[in-house]
Amino acid sequence: MRWSFTIGTIFGIPIRLHVTFLLLLAWIGFNTSSSGNQGGLPGIFHVVLVFFCVLLHELGHSLMARRYGVGVESITLLPIGGMAAMKTLPDSARAEFLIALAGPAVSLSLGTAFLVGTYHQYGTDLWNSLAKSAIATPLIVEMSIINLALGIFNLVPAFPMDGGRILRAVLWSRQGFEPATQIAVKIGQGLAVGLFLMTLFGYFNSWLGLIAIFIYFGAESEKRSAAWRTAIADALVADVMQTRVQTVHPDETIDEVFHRMMESTQDHFPVVAGDETVGLLTRRTIVTAMQDHQMDRRVSQLMSLEIHYCSPLDPLAQIVQLMDQRNLPCVLVLHDDKIAGLITSRQVWRYRWDKQQEVNRS
Ligand SMILES: [Zn+2]
């Protein structure tokens with residue numbers, strides 16, 4: 001996800017923090033320190049605590065995903081919660097069901113464990129003291145409440161939240177993937193609109209309004225990716241890739257590459273020196289160079305060093321998802337360590353278009 005940076009790695013999974021999350025911390029720090037004698041730290045401490053619980057929740061999803069062969073790209077912490085980005089969609093309803101359930105299961109188990117711990121430590125008198133505000137809430141009670149709330153909130157069947165995914169998995173096992181997604185999206189968006197209206201009329205905190213917007217558009221993008229998945233379900237990279245690939249040399253000028261781009265159907269160019277691929281020159285870079293009057297610059301000065309590779313036998317759906325998630329313009333196809341082709345959204349769209357025509361004809 002853009003605008004986020006890695007703060008560490010757990011079980012080999014990069015943990016990322018979205019910049020808006022730091023803004024939230026700053027905002028809370030500022031608000032609590034300017035609104036009284038409390039100081040900025042306790043507020044920030046609570047936010048960090050909540051997000052530690054969110055992280056455990058996301059790790060639940062991630063470890064279950066791995067068990068089902070679904071790679072985990074990263075976990076990102078946003079102000080509205082966490083998100084574990086999977087490299088692929090689960091390939092069965094059972095896998096999706098268990099992966100979606102694992103997060104709330106972690107939260108509810110932790111919440112229950114802390115609740116039992118609370119009972120052992122304080123007995124039932126605690127609730128009376130808390131109700132009378134006689135004592136400050138102990139940490140263990142907060143941990144219990146946070147985790148139980150996380151577990152229950154995420155089970156609301158508002159796709160693409162966990163509860164919605166569980167719902168889709170159940171429908172998927174009965175009606176197939178695409179119809180199940182359609183229904184889950186309708187329910188998710190319906191609930192999101194309802195929630196948004198209720199926050200507008202002041203029934204809920206405006207934070208929930210933000211989450212409603214997130215759910216609505218999240219469901220929309222899941223609907224699109226489900227349609228893609230169906231269209232390209234059986235395709236391999238080799239079926240779709242552009243096979244006649246021109247490469248460019250690092251010492252060429254952008255102007256020279258621009259002319260090649262105009263004369264061919266190729267938008268992105270692998271940069272090759274000797275036998276080695278050293279970079280990638282994308283259409284966007286070429287166009288930007290043109291706008292900035294930098295056509296005499298060398299390829300080596302402007303090329304991107306971030307290159308992604310795949311094999312001709314990789315499932316196309318997996319590569320499309322990778323391109324979506326990382327916002328990649330192009331993935332190079334390697335066969336026997338040589339560039340055998342490249343995949344851009346143009347090839348994928350064409351493939352999908354051809355498929356559609358086939359369906360229309362039959
Ligand atoms: Zn979850």
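Domain bounds, as I use them here, come from an automatic or database domain assignment. By that assignment, the protein is divided into domain 1, residues 4-231, and domain 2, residues 237-361.

Before I go on, a note on the source. This is a predicted model, in which local features need pLDDT of at least 70 and side-chain atom pairs count only at pLDDT 80 or more, while totals for chains, interfaces and linings use all residues. Residues are numbered from 1 along each chain as its sequence is written, and side-chain values use heavy atoms, with hydrogens and water left out.

I start with the whole protein. The C-alpha trace spans about 80 × 55 × 40 Å along its principal axes. There are 14 helices and nine strands. Helices (H or I, at least four residues) and strands (E, at least two) are DSSP runs, numbered from the N terminus. Of the 362 residues, 43% count as buried. Buried means under 20% relative accessible area, exposed means over 50%, and partly exposed lies in between, with a 1.4 Å probe and protein chains only. Contact means heavy atoms within 4.5 Å. Among contacts between residues at least 6 apart in sequence, 59% join residues at least 24 apart.

Now the two domains. Their C-alpha centres lie 37 Å apart. Nine residues from domain 1 and 10 residues from domain 2 take part in the contact. The size of an interface is often given as the accessible area lost when the parts come together. Here, buried area is the accessible area (1.4 Å probe) that two parts lose on being put together, summed over both. Between domain 1 and domain 2 that area is about 860 Å², and carbon and sulfur atoms give 55% of it. On the domain 1 side, E73, W228 and A231 supply 60% of the area buried against domain 2, more than any other three residues.

Next, the sheets. Strands of a sheet pair through backbone hydrogen bonds, either parallel or antiparallel. For this talk, two strands pair if DSSP finds at least two bridges between them.

β1 and β2 (residues 13-18) run antiparallel and are joined by six bridges. I10 stands opposite I13 in β2. The two strands form a hairpin with two residues between them. What is the phi of F11, in the turn? It is positive, about 50°, although F11 is not a glycine. Is F11 buried or exposed? F11 counts as exposed, because its relative accessibility is 52%.

The other open sheet I will show has three strands in the order β7-β8-β9, again with mixed pairing. β7 (309-310) and β9 stand at the edges with a single partner strand each, so one side of each has no neighbour in the sheet. β7 and β8 run parallel, with two bridges, and C310 stands opposite V333 in β8. β8 (residues 330-335) and β9 (residues 338-344) run antiparallel, with six bridges. The bridge partner of H335 is K338 in β9. β8 and β9 also form a hairpin with two residues between them, and D336 in the turn has a positive phi of about 50°.

H293 is another residue other than glycine with a positive phi, near 55°. H293 sits in the loop between α11 (283-291) and α12 (299-302). H293 is exposed, with a relative accessible area of 70%.

Which residues does a cis peptide bond join? The bond joins F159 and P160, with omega of about 10°. P160 is in the loop between α5 (139-154) and α6. Helix α6 covers residues 162-175, 14 residues, and reaches 19 Å from its first C-alpha to its last, close to the 20 Å expected. The expected span is 1.5 Å times one less than the number of residues. The buried residues of α6 include I166, L171 and W172. Just after α6, G176 takes a positive phi of about 95°.
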